[in-house]
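The sequence and the structure are shown below for reference.

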Amino acid sequence: MRKRRAAGPAQPIRAGLLGIGTVGRGTWEVLARNADEIQRRAGRAIRITRIADTAIERARAIAGGKAGVTADAFAVTRARDIDIVIELIGGTGIARKLVLDAIRHRKHVVTANKALLAKHGNEIFAAAQQQGVMVAFEAAVGGGIPIIKALREGLSANRIEWIAGIINGTSNFILSEMRDKGLQFGAVLKEAQRKGYAEADPAFDIEGVDAAHKLTILAALAFGIPMQLDKAYTEGIAALTTQDIRYAEELGYRIKLLGITRRARQGIELRVHPTLVPAKRLIANVEGVMNAVLVKGDAVGPTLYYGAGAGSQPTASAVVADLIDVTRLITADPEHRVPHLAFQPDQLSDEPILPIGDVETSYYLRMRVRDQPGVLADITRILADSSISIDAMVQKEPGEGERRVDIVVLTHLAVEKNVDAALRRIESLATVVGRVTRIRLEELL
Ligand code: HSE
C-alpha cells in the first residue's frame with residue numbers, strides 16, 4: 001500500500017460574502033452546519049471570514065463575531081486575506097463592478113447572479129480567463145439543482161440536441177394554481193407575492209425575463225456559444241386564461257412556461273414562452289415552485305433534473321458546492337480546470353440564434369367564431385395555404401343561447417412566420433371574433 005504524503009493540514013479557504021440576505025444566510029448556515037463533512041470533501045476547511053452588507057447590524061447578529069462585517073463591499077473584493085468572493089447581491093449594477101473588481105484582484109468568484117451572467121457573462125468570463133481565476137455559478141440556474149455541473153461535466157460526451165426547462169418557480173406556481181383551483185392569473189400572482197416567491201420585480205418572473213436569463217446561460221453551456229440574452233425570444237404568462245388551460249387539459253396537455261434552446265438546422269433556438277406539453281411527460285407534472293430541466297443528449301437521450309429552484313438553503317446548497325469545487329481546484333493550473341462555459345474559450349461557436357419567425361414548432365390555436373356554414377372550411381383553407389398541417393381540431397359546445405363557438409386547432413410542425421401570416425388572415429375573416437390565441441406546443445421526444 002502506498003503511503004499518503006505526510007503534510008500538515010492545509011490552511012482554511014477564506015471566503016468573503018457580499019450580501020447576507022436570504023441565500024447569504026443559507027450559505028452561512030450550511031457552511032457552519034456541515035463544516036466537518038465539507039472539510040472532508042474539500043480537503044480544507046472553508047470559512048466565511050468577511051461579510052459585506054448595508055444592513056450592518058443584521059449582518060453582525062448573524063455572524064456572531066465569527067466574521068468581520070463591513071458596509072464597504074469593495075473592502076472585501078480587495079482584501080488580501082480573501083481567496084474567494086461570494087456575490088449574492090444580485091442585479092447588474094454594483095454586482096458587476098464588484099465581480100470585476102474581485103477578478104482584477106485575483107479572487108475566485110462564486111455567484112448566484114443569473115441576470116449578471118446573462119447580460120455581462122462574456123465580459124466577466126474573459127476577465128476571469130485573463131486573470132486565471134474561476135467564476136462558479138451553479139446557483140444561478142435552478143437553485144439547488146446541479147444542472148450546471150451536469151452540462152459542464154456529466155454530459156460532456158454528448159452533442160446536446162435541446163434543453164427544455166421549467167426554470168422559474170413563481171410562474172410555475174401560478175400556472176399550477178390556475179389549473180388546480182380554476183383561478184385567474186391576477187389572483188394567483190397576488191398569492192405568489194404574499195408567499196414571497198416572486199422576484200423583487202415580479203415582472204421578471206411573469207414576463208419570462210428571469211427564465212430568459214437562466215436559459216441564456218444553459219444555451220451557452222450546451223452549445224459552446226457566447227451569452228446572447230438580447231437575441232432570446234421572451235413571452236410571459238400574463239395573457240393565459242384558465243379556459244386555455246382547461247382546453248389544453250382536455251386534449252391531454254399541460255401548459256408550462258418553458259425555456260427552450262435547440263440546435264436547429266439553420267441555427268440555435270433560444271425562446272421562453274408558455275408551452276403545451278403532453279400531460280404524460282414527467283416534466284408536465286412538475287408543480288408549484290419546483291423547477292425541472294430536461295436535457296436531450298445524442299448519446300444519453302433525454303435526462304431530467306428536478307428540485308427546488310429557489311429558497312435559502314436549496315440555493316445555498318449550490319453556492320457551497322461551488323465553494324468546494326473552487327477549493328479543490330484552487331491550486332490547479334488554470335489550463336486544466338473545467339472551462340467556464342464548458343467549451344474551451346477559443347472554441348466558442350458563432351452559430352446564429354434564430355429569430356422567432358424562423359422557429360419550427362407545433363401550435364395550439366383557439367379562435368371564437370360565428371356558428372355558421374363555411375367557417376371551418378375558410379379556416380382550414382387558410383392554414384393549408386400557409387403549409388400548416390392540422391393534427392387535431394375540436395369545436396367546443398356553445399353555451400346556452402350562445403351563437404359563437406370556440407374552435408381549437410392543434411397543428412403539426414410549422415414555421416412561426418407562416419403561422420403569423422395565417423393568423424392575420426384568419427383574424428380578418430368576418431366570421432372570426434377577436435384575436436386568435438396561439439400557444440406553442442412541444443412533444444419533447
Ligand atoms: N424568482 C425566481 C423563481 C427565483 O421564481 O424561480 C429563483 O431564481
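Is strand E13 mostly covered or mostly uncovered, and how many of its eleven residues are buried? The model examined here is a predicted one. In it, strand E13 (residues 360-370) is mostly covered, with eight of the eleven residues buried.

## Domain organisation

The protein is divided into domain 1 (13-144 + 313-347), domain 2 (147-308) and domain 3 (356-441). Between the C-alpha centres of domain 1 and domain 3 there is a separation of 50 Å.

## Strand E13 and its partners

Strand E13 pairs with strand E15 (residues 404-411) in the antiparallel sense, over seven bridges. Within this pairing, Val-409 of E15 stands opposite Leu-365. Strand E17 (residues 432-441) also runs antiparallel to E13, and seven bridges join the two. Here Arg-440 of E17 is the bridge partner of Tyr-363.

A further antiparallel pairing links E13 to strand E16 (residues 414-415) over two bridges. Glu-360 has Val-415 of E16 as its bridge partner.

## The parallel sheet

An open sheet is formed by six strands in the order E3-E2-E1-E4-E5-E6, with parallel pairing. Strand E3 (68-70) and E6 each have a single partner strand and stand at the edges, so one side of each is left without a neighbour in the sheet. The parallel pairing of E5 with E6 comprises two bridges, and Val-109 has Val-135 of E6 as its bridge partner.

Ile-48 belongs to strand E2 (residues 46-52). Ile-48 has a relative accessible area of 6%, which is under the 20% limit, and therefore counts as buried. Beyond its neighbours within four places in sequence, Ile-48 is in contact with Ala-15, Leu-17, Thr-27, Trp-28, Leu-31, Lys-66, Ala-67 and Ile-86. Ala-63 lies 15 residues from Ile-48 along the chain, and their C-alpha atoms are separated by 9.2 Å.

## Nonpolar cores

The largest nonpolar core has 80 residues. Those with the most contacts inside this core are Ile-103, Phe-137, Ile-147, Leu-151, Ile-174, Ile-217 and Val-295. Helix H11 (residues 209-223) gives the most to the core, contributing ten residues. Apart from this core lies another, of 33 residues, which includes Ile-20, Ile-48, Ile-84 and Ala-318.

## Helix H5 and its surroundings

Helix H5 (residues 94-104) has as its buried residues Ala-95, Leu-98, Val-99, Leu-100, Asp-101, Ala-102 and Ile-103. Among the elements that cover these residues are strand E1 (13-18), helix H4 (73-77), strand E4 (84-87), strand E5 (108-111), helix H6 (114-131) and strand E6 (135-136). After H5 comes Arg-106, whose phi is positive, near 60°.

Which residues does Ile-103 contact, leaving aside its neighbours within four places in sequence? They are Val-109, Ile-124, Ala-127, Ala-128, Gln-131, Val-133 and Val-135. Val-109 and Val-135 in this set are also bridge partners of each other.

## The second largest pocket

The second largest pocket holds about 710 Å³ of space. It is lined by 39 residues, of which Ala-136, Arg-152, Asp-322, Asp-325 and Leu-329 are the closest to its centre. At least two residues of the lining are supplied by each of helix H2 (35-42), H6, E6, helix H7 (147-154) and H13. The largest share comes from H13, with ten residues.

Asp-325 is located in helix H13 (residues 312-329). Why does Asp-325 count as buried? The relative accessibility of Asp-325 is 15%, and the residue counts as buried because this value is under 20%. Leaving aside neighbours within four places in sequence, Asp-325 is in contact with Lys-149 and Glu-153.

## The enclosed cavity

One cavity of 30 Å³ or more is counted in the model. The largest cavity contains about 40 Å³ of space. Its lining consists of Leu-175, Ser-176, Arg-179, Ile-245, Arg-254, Ile-255, Lys-256 and Glu-287. Helix H8 (169-181) and strand E9 (253-263) are the elements that give two or more residues to this lining.

Key. Residues are numbered from 1 along each chain as its sequence is written. This is a predicted model: local features need pLDDT of at least 70, side-chain atom pairs count only at pLDDT 80 or more; totals for chains, interfaces and linings use all residues. Side-chain values use heavy atoms; hydrogens and water are left out. A nonpolar core is a set of buried Ala, Val, Leu, Ile, Met, Phe, Trp, Tyr and Cys residues joined through side-chain atoms within 4.5 Å. Buried means under 20% relative accessible area, exposed over 50%, partly exposed in between (1.4 Å probe, protein chains only). Helices (H or I, at least four residues) and strands (E, at least two) are DSSP runs, numbered from the N terminus. Contact means heavy atoms within 4.5 Å. Domain bounds come from an automatic or database domain assignment. Two strands pair if DSSP finds at least two bridges between them. On a 1 Å grid over the protein atoms alone, a cavity is a set of points where a 1.4 Å probe fits but cannot get out, and a pocket is an open set with protein on both sides within 12 Å along at least five of seven lines; lining residues have an atom within 4 Å of a point. Grid points are joined across faces, edges and corners, and a volume is the space filled by probe spheres set on the points.
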